[in-house]
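Trainee: Could you take me through this structure by question and answer, with the criteria behind each term?

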Amino acid sequence: MTTVAVVGGGCAGVLATRELLQHTDDRVVLIEPDEPGGGLAYGSARPWHLLNSRAGAMSAVADDPGHFARWAGCSPDDFRPRTEYGHYLRSVFAALPGDRLTVRQSRAAGLSATGVLLADGGEVRADRVVVATGNPAPAQPAARPDHPDYIADPWTKGALEAIPSDVPVLLVGAGLTAIDVALTLTAERDRDAPITAVSRRGQLPLTHTAVAAPPIGLALDDCTTLRDIVRAVRAEAARAGDWRAVVDGLRPYLDELWTAFTPDEQEAFLRHLARPWECHRHRMAPSVGARVATLREEGRLEVRAGGVRSISAPPAGGLLVELEAGVQWFGAVVNCAGPGRLPGAAGSFVRSLLDRGQARVGPHGLGLDIDADGSLIGADGQVQHGRRLIGPLRRGARWETTAVPEIRAQAHNLAIPVW
Ligand SMILES: Cc1cc2nc3c(=O)[nH]c(=O)nc-3n(C[C@H](O)[C@H](O)[C@H](O)COP(=O)(O)OP(=O)(O)OC[C@H]3O[C@@H](n4cnc5c(N)ncnc54)[C@H](O)[C@@H]3O)c2cc1C
């Protein structure tokens, strides 16, 4: 019997384990230091953090799109709490047949010729390995200080709760992470001091409508360059009335478009278009959008465009931050940037893969390099047969690879016996 080791038991690891147990005869060993079904998005969420996708998009079961909405007893159009989705993933995991499944509560340290090396000194012997360790560590601003009032990772347990409610707070970044942080800082305590979010463009994520417009497929056959595509998307969005339908209609083709771009076009996209694209593509739930609008109207959340030039620590505490508009004091600075680039942002396991040549950094440092099936490519350019990657670390080699529908499809493909 073939043994597959799945490294990481977050969303991707649970979906991979499920697909392998349901659709193959393989034995699966899931390696995860915490409880399977947690992970960054759903394990550390608070009750006010909602999914940014409708329930109808979030099924864990590839051939049953309504599975999550039925489990939650809600409409497929609803935006449910992320904590609830974590419960769902854990219930999906708990329902798996146990006779071919082993959970090793440990951290993987690297790969050997015969399986996975564990940080506790053990080894899981396996014929194949699925790497599902999630995002790289958050990017850090160049001006990052080593100071207790600088929170490098807002997901660190208890970090936000430790910020006094009477000090102004700076959020570095204005994406979905900054929204999560602003909601937490204003959710439970009477915060009267303002929150400022600063990002290069000062652009917040946009908001979903209560009911989704059907996606509009766009004919891109005549487009040969990135510029052509941008023009076509803008024209169709203006024509369609609701740009969301055009953005959603593009989603199934994004990987194809991304891989067809030249490296220069990809670089230009990352520099000029990725952020506006993300604002349109990864949208807030309507009720979250309304809450954010209220916070802004009340002057409790301010969003500014521009960079952070420097951060210094005055003797009296807090941090002095040089922004475009001048120097300002904040009681805490929270880094809300998205994932950093590899190799710098690699965790110890991915670092080991890179150091041993078992993987190489993918395009633009956004993730690891893979072949068409998702198998890792080593430092020598050779495909590492039997070693597949799923989830956010596919970014760069692919584009659309971080959300549940894409991870679900990647997990499903693991059960096709070609690797
Ligand atoms: C805040 C947030 C909200 C999101 N909301 C949505 C949404 O509404 N809809 C949607 O479709 N997508 C959403 N996403 C995107 C997507 O669902 C996540 O990116 C997805 O959870 C990724 O799953 P993952 O298993 O790859 O990573 P994670 O869920 O982070 O899991 C990684 C797991 O790997 C384990 N691990 C790490 N290193 C090791 C090691 N060396 N050995 C063993 N285990 C290890 C960790 O303990 C963790 O459990 C969201 C993402 C974030 C960050």
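Trainee: Which strand is joined to β13 by 5 bridges?

Mentor: Helices (H or I, at least four residues) and strands (E, at least two) are DSSP runs, numbered from the N terminus, and two strands pair if DSSP finds at least two bridges between them. Strand β13 covers residues 319-323 and runs antiparallel to its partner, with a hairpin of 2 residues joining the two strands. Leu320 stands opposite Trp329, and the partner, residues 326-330, is β14.

Trainee: What kind of model is this, and what pLDDT do local features need?

Mentor: Residues are numbered from 1 along each chain as its sequence is written. This is a predicted model, in which totals for chains, interfaces and linings use all residues, side-chain atom pairs count only at pLDDT 80 or more, and local features need pLDDT of at least 70.

Trainee: Into which domains is the protein chain divided, and how many Å separate the centres of domain 2 and domain 3?

Mentor: The bounds come from an automatic or database domain assignment, which gives domain 1 (3-137 + 340-414), domain 2 (150-206 + 283-335) and domain 3 (226-281).

Trainee: In the open sheet of 5 strands, which strands stand at the edges?

Mentor: The order of this sheet is β8-β15-β9-β10-β11, with parallel pairing. Within it, β10 (residues 195-199) is joined to β11 by 5 bridges, and Ala197 has Val303 of β11 as its bridge partner. Two strands have a single partner strand each, so one side of each is left without a neighbour in the sheet, and these are β8 (150-151) and β11 (301-305).

Trainee: What is the average twist from one strand to the next in the open sheet of 3 strands?

Mentor: This sheet has the order β4-β5-β6 and antiparallel pairing, and its edge strands, β4 (108-112) and β6 (123-125), each pair on one side only. The angles run from 0 to 180 degrees between N-to-C directions, with axes as lines fitted to C-alpha atoms, for helices over the stretch in contact. From one strand to the next, the twist averages 25°.

Trainee: How do α1 and α12 pack, and what is the handedness of their crossing?

Mentor: The axes of α1 and α12 (residues 404-414) are 8 Å apart, at an angle of about 35°, and the contact includes Leu15 and Ala16 of α1 with Ile407 and Ala411 of α12. A crossing is left-handed if the near helix is turned anticlockwise from the far one by less than a right angle, and right-handed if clockwise. The crossing of α1 and α12 is right-handed.

Trainee: Is Thr184 buried or exposed?

Mentor: Thr184 has its place in helix α5 (residues 176-187). Its C-alpha atom is separated by 7.6 Å from that of Arg46, 138 residues apart along the chain, and Thr184 touches Arg46 and Leu160, not counting residues up to four places away in sequence. With 20 C-beta neighbours inside 10 Å, Thr184 counts as buried.

Trainee: Which residue is joined to Leu342 by a cis peptide bond?

Mentor: The bond has an omega of about 5°. The residue in question lies in the loop between β15 (332-335) and α11 (348-355), and it is Pro343.

Definitions and conventions: Contact = placed C-beta atoms within 7 Å. Buried ≥ 20, exposed ≤ 12 C-beta atoms within 10 Å, placed from the backbone.
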